[in-house]
Amino acid sequence: MVQYSQFTHEQLRALKDELEKKYEKFKAEKLSLDMSRGKPAPAQLDLSLGLLDILNSSETLKVEENIDVRNYGVIDGIQEAKKLFADLLHVDPKQVIVGGNSSLTMMHDTITRALLHGVVDSIEPWHKLEKVKFLCPSPGYDRHFAICESLNIEMITIDMLSDGPNMNQVEELVSKDPSIKGIWCVPKYSNPEGTTYSDEVVDRLANMKTKAPDFKIFWDDAYTIHHLTDEHAQLKDILETCQKAGNPNRVFIFASTSKITFPGSGVAVMAASEDNIQFVKQQLAFQSIGPDKLNQLRHVRYFQTIDGIHHHMKRHAELIKPKFDLVLQILQTNLATLDIATWSKPKGGYFISLNTMDGCAKNVVQLAKEAGVTLTNAGATFPYGKDPNDRNIRIAPTYPTLSELETAMDVLCVCIQIASINKLLQSSK
């Protein structure tokens with residue numbers, strides 16, 4: 001097919017009329033399809049049903065610390081869970097806190113505590129500063145940005161490149177501004193681009209000179225084992241790299257089993273230097289008498305070892321890779337030659353990042369909504385919900401069935417074409 005930019009004004013109008021007829025047919029079907037969030041499908045949740053009866057009265061409910069997991073105690077998680085998740089994150093169990101079901105809660109609480117009390121190497125609590133700022137590689141994770149906005153932390157957009165955040169921007173900013181206290185990172189199969197940080201980016205993050213002595217990297221390793229293929233992306237160890245760089249306390253690492261087992265009943269984990277861990281544990285003692293240790297033990301006995309988790313994730317990949325393949329196939333078939341959109345081709349994670357022509361994303365999302373297909377809001381992948389180019393759309397393929405996904409993608413492709421033609425017609429006036 002010819003690129004739309006080479007069409008005459010009359011050809012564009014004729015094509016628009018044809019596409020709008022297709023669009024009206026979709027609207028007449030009164031669809032209700034949702035691709036707005038990266039939720040596991042029911043078939044994925046079924047993979048973990050064994051968790052529900054893995055604990056029974058014939059087995060002891062005491063753990064290594066000689067604690068009955070039904071009772072109070074063990075503020076930082078049971079030792080068996082620490083060992084399992086230390087293997088997952090390639091750290092020492094002494095560097096791990098195992099919590100409740102949500103890593104997002106752990107991130108929110110870590111920042112809130114820093115605002116109230118500072119962190120282990122702070123001169124004063126962060127709230128005493130006139131402003132606190134975070135760097136936000138974008139497109140990025142909307143819930144990270146929502147935490148900052150809710151806590152009145154100013155966000156600075158950093159460009160995401162093919163190997164991670166633009167480190168020239170990052171290094172320039174942190175070297176001069178002591179109010180910049182942190183950076184959000186989704187370092188492996190990033191949300192939504194599917195990018196894995198290069199060794200060079202990890203090295204530069206660990207070694208860079210920061211004006212704030214208590215600058216922190218919030219390293220959300222949410223998709224560390226969410227591979228789609230047998231070709232696994234490799235991510236350099238950030239904690240070890242920070243230690244070698246002389247900045248051992250620079251990073252907080254977060255992960256969870258939310259998309260491994262049950263999103264509402266998973267297990268979250270934080271890893272950091274032992275100094276960071278001890279500092280956090282002291283504060284946790286005022287917040288809770290202990291996490292859900294029964295759930296931690298369920299996960300330990302269900303998976304037993306890191307190999308058990310890897311085997312489980314292969315079964316997930318068997319379910320969701322066909323969905324990713326279908327999305328990419330439909331985009332390729334319908335849009336590849338038109339020069340009106342580009343998209344990522346991730347090897348893992350939960351999303352596909354789609355870029356329309358500049359100034360079209362909001363129109364595409366609205367058109368899709370009116371046709372019964374719900375997408376993540378345009379702009380959601382940027383701080384304050386403002387995409388400066390109005391072009392990025394996050395596609396979440398996992399939850400719909402293959403049949404629903406095919407229909408939703410057909411609708412989306414028609415919407416992209418209509419919005420693109422509208423843009424070209426406006427610019428040709």
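Mentor: Two strands count as a pair when DSSP finds at least two bridges between them. Keep in mind that this is a predicted model.

Start with the open sheet of three strands. Its order is β10-β11-β13, and the pairing is antiparallel. The edges are β10 (341–343) and β13 (392–395). Each has a single partner strand, so one side of each has no neighbour in the sheet. From one strand to the next, the twist averages 25°.

Now take the pairs in turn. Three bridges link β10 and β11 (residues 352–356), which run antiparallel. Look for Thr342, which stands opposite Asn355 of β11. Two helices pack on this sheet. Helix α11 (residues 306–335) touches β10, β11 and β13. The direction of α11 makes about 155° with that of β10. Helix α12 (residues 361–370) touches β11 and β13. Its direction makes about 40° with that of β13.

The other pair is β11 with β13. They are antiparallel too, joined by four bridges. Find Asn355 again: its bridge partner in β13 is Asn392. Which residues cover the two sides of β13? Asn392 and Arg394 are on one side, Ile393 and Ile395 on the other, and all four are buried. An edge strand can thus still be covered on both faces: β13 has a single partner strand, yet both its faces are covered.

The buried residues of α5 are Asp142, His144, Phe145, Ile147 and Cys148. After α5 comes Asn152, with a positive phi near 60°.

How does α5 sit against α4? Helix α4 (residues 103–117) and helix α5 (residues 142–150) pack at about 30°, with axes 11 Å apart. Angles under 35 degrees count as roughly parallel, so α4 is roughly parallel to α5. Their crossing is right-handed. On the α4 side, the contact uses Leu104, Met107, His108 and Ile111. On the α5 side, it uses Arg143, His144 and Ile147. By class, these residues are four nonpolar, two polar and one charged.

β3 (residues 133–138) and β4 (residues 154–161) run parallel, joined by six bridges. Pro137 has Ile158 of β4 as its bridge partner. β6 and β7 are parallel as well, over four bridges. Ile183 stands opposite Ile217 of β7.

Are the residues of β7 buried or exposed? In β7 (residues 216–220), five of its five residues are buried. Lys216, Phe218 and Asp220 point one way, and Ile217 and Trp219 the other.

Ser190 lies between β6 (180–185) and α7 (199–207). Its relative accessible area is 4%, so Ser190 is buried. Leaving aside neighbours within four places in sequence, Ser190 contacts Met160 and Thr195.

Finish with a helix pair. Helix α1 (residues 9–28) and helix α13 (residues 402–427) have axes that come within 9 Å and cross at roughly 150°. That makes α1 and α13 roughly antiparallel. The crossing is left-handed. In α1, the contact residues include Leu12, Leu15, Leu19 and Phe26. In α13, they include Val411, Val414, Ile418 and Leu425. The residues of this contact are twelve nonpolar, three polar and five charged.

Note on methods
Residues numbered from 1 in each chain as written. Predicted model: local features only at pLDDT ≥ 70, side-chain atom pairs only at ≥ 80, totals over all residues. Heavy atoms only, no water. Axes fitted to C-alpha atoms, helices over the stretch in contact; angles between N-to-C directions. Contact = heavy atoms within 4.5 Å. Buried < 20%, exposed > 50% of the residue type's maximum accessible area, 1.4 Å probe, protein only. Parallel < 35°, antiparallel > 145°, perpendicular 65-115°, else oblique. Left-handed = near helix turned anticlockwise from the far one by under 90°. Nonpolar A, V, L, I, M, F, W, Y, C, P; charged D, E, K, R; others polar.
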